[in-house]
Amino acid sequence: MNNIILVGNPNTGKTTLFNTLTKSNNHVGNWHGVTVDVSEKLADIRGEKCKICDLPGIYSLNSYTPEEEVAIKYLNAHKGDLIVNICDANNLQRNLQLTLQLLEMGHRIVVAVNMANEVKNINYSKLASTLKVPVIPIDARKKKSVAGLLESLNNIQHQQVYLPYINKLTGKIEEDILSRYSFIDKIVSEVITSELKTYGTSRIDKVLYNKFLAVPIFLLVMLTVFIITFGAIGQNFSILIEGWFAKLVDVVSDFLIKLNISPWAYSLLVQGVIGGMGSVVSFLPQIVLLFMCMNFLEDLGYLSRVAFMFDNSLKKIGLTGKSVFSLVLGFGCTTTAMLTTTGLDKRTQKRTAMLLPFASCSAKLPVYALICAAFFAKNKVLVVFSLYLFGVILGLIITAITNKLSKQKSSPFIMEIPPIRVPTLSKTLKNAKTNAFNFVKRVGGTLVVCSVVVWVLSNLTFGFKYTVNPEESILCGLAKYIAVLFKPLGFGNTWAVVALLVGIVAKEMVVSCLSIANGVGASLEALAASLTLTTSAVSFTTAGAISFLVFILLYSPCVSALSVTAREVSRKFAVFSFVFQFVIAYGCSFVIYNLISAFYAKQIIEALITIIVLAVCIVFVVRYFKQKNKCIACKGSYCEKNCLQK
Amino acid sequence: MKKLLSELSEDKAAKIVELKAADTKLACRFYELGLIVGQSVKVLKKTSKGRALLICIRGYCLAVDKQTADLVVVDE
């Protein structure tokens, strides 16, 4: 048997059928454009081995998006292969456009009408006799339902199908589509025995789109996702898995001790390698739960509805409605939020990835709690809330400015809204398993390598000798030099800088690093008190503490978030994000520290001068970029005619 | 009465009389999705200030933004 190519409109169930035929676990969703690349796998079809290919969804053989181009190129390169054209029974009229185009091109096809269980009034034998190709009703999720399709694949013969409108085709897209539609209307009037139900207009939809209820429902859904992922359920799973992992570490440690290996090798393996693996494992329960929630909402069809509701507001800053989920999840964990940007188009993905580090992730909360306990015990809620708000407002302003300066026009928003479908638990679990596995595969290696690098920096001296004294380590040595840079920000202290450097690996480690420096153990109260004492290894003034908080809020996301950014967007963008966040954090901390210091010292004139210098700098930067993007031909900062001439 | 699709009120249906999509790729996407001259279309929902619309065409739902809907002229 030849290769089999699965072709169809977006969100018709191609990947579901691919998974059923090949026993795979490729990601599927009730959301168009889930598959963005060609998937190929060998399958046993009635005793014969054949290759099955799952293509991204296409509406026709004219490409519009990069995914469609991939699919069309693949089809053109594999003309002799057998095509299974998957149509959605709920939307046969539009799906038949592609079917007819495939027949016009002379492809050998079998039409599989998916979700046939949802529509009972289609006469399939009449449809098959009109199209002169096998038409098989299926439910792609069920193996038994696909049996009829497999049988027809063995019997298919190559034959040129005569289509009555073929002589009317002129080569002009609009006229050809009209000819096809008039033929389709004729077919549909014959094969559909009663009117099809219009989906997307259910009572649930009316509630979800209600202008007073849409936002509260969305916030409630997001709160539920947060509670499940980062609340008691997620934490308990994390504790459970960390416990298992700790036991594993004990077993490995005992084994290494028995081997009598040198202390440095023991430390490298236990703290560097296994510690790095531990950081991946500690993320896993939250990742699995997050993806379970996301997959459930995606399969339900809720994501596309949210995208529609929020597209309007987010377009103003160059994003689309599809970014909403990633942005909200960014308050939980930047890494997981970055993973959810996969389905966005490249431009929106970059914008969303740029905005995400401004949403304060949950790992920064222990640092806020510590500094607030030390300096703002009475107003800690207000200070933490102000930090969150400051991050969001600054992120929105920067994204809006970038959007204003960008030459790129926002892409038109056209999206099919799928029907509400309650997903099965097994499908949700399968998807979550696949996503978790992909996460470990994509990020795990990078995290372990980074953990080893941190071990090398914090356990070796400049002469590459193993040391147990952190003061002699490369990390501390580097921090001593770098600390000079942070003096203008009010925390030019070696250990404060070490904490920041370690925070790049994981923000959770900042507090433990400060605790080690001040030698006060695990007590938060003792550590908070030590931060106010000038005799401690790390201490801050009030202005310095605020400046440190702002820096923690804004500086580079952790290594796992950066490695996901590199994988999902690009390496170049990950480097840019690292540098950009650092510059923004430095600038903001500098201004805030100097303003507060000036205010405390009653140096109002100095404070005013700082504000004026800052305003002038911003104006110059904005003007520079505006000038850079100006089109000489039409004198506009954004060239409508795309006639940019420098 | 001729008007832009974006100007059509919620729950109102009209026939498409003209497509102003200058970008041929976008025009092509319109045709594929069933947005062709003579086709009837119904506005199901509009977001605030009508910046995005949910329309029903050929029995399915399509979400479009105002800029895109402005390219479709309908006769109510």
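Select Ile55(B). Skipping neighbours within four places in sequence, Ile55(B) is in contact with Val41(B), Lys42(B), Val43(B), Leu44(B), Leu62(B) and Val64(B). Contact here means C-beta atoms, placed from the backbone, within 7 Å.

A note before going on. The model is predicted: local features need pLDDT of at least 70, side-chain atom pairs count only at pLDDT 80 or more, and totals for chains, interfaces and linings use all residues. Residues are numbered from 1 along each chain as its sequence is written, and chains are lettered from A and ligands numbered from 1 in the order in which they are written.

Buried means 20 or more other C-beta atoms within 10 Å of a residue's own; exposed means 12 or fewer; partly exposed is in between. Helices (H or I, at least four residues) and strands (E, at least two) are DSSP runs, numbered from the N terminus.

**Where the chains meet**

Show both chains. The contact takes 31 residues from chain A and 27 residues from chain B. On the chain A side, helices H3 (92-104), H6 (173-191) and H11 (302-315) and strand S7 (414-417) each give two or more residues. Zoom in on S7(A). It pairs with strand S5 (residues 60-65) of chain B, antiparallel, over four bridges. Strands pair if DSSP finds at least two bridges between them. Ile414(A) stands opposite Val64(B).

**The sheet in chain A**

Six strands of chain A form an open, mixed sheet, in the order S2-S3-S1-S4-S5-S6. Strands S2 (39-45) and S6 (135-137) stand at the edges with a single partner each, so one side of each has no neighbour in the sheet. Next, select S2(A) and S3(A) (residues 48-54): they pair in the antiparallel sense over seven bridges. There, Lys41(A) has Ile52(A) as its bridge partner.

**Last stop**

Select Ser570(A), in the loop between helix H23 (559-568) and helix H24 (571-600) of chain A. Buried or partly exposed? Ser570(A) is partly exposed, with 15 other C-beta atoms within 10 Å.

Terms used:
Two residues are in contact if their C-beta atoms, placed from the backbone, lie within 7 Å.
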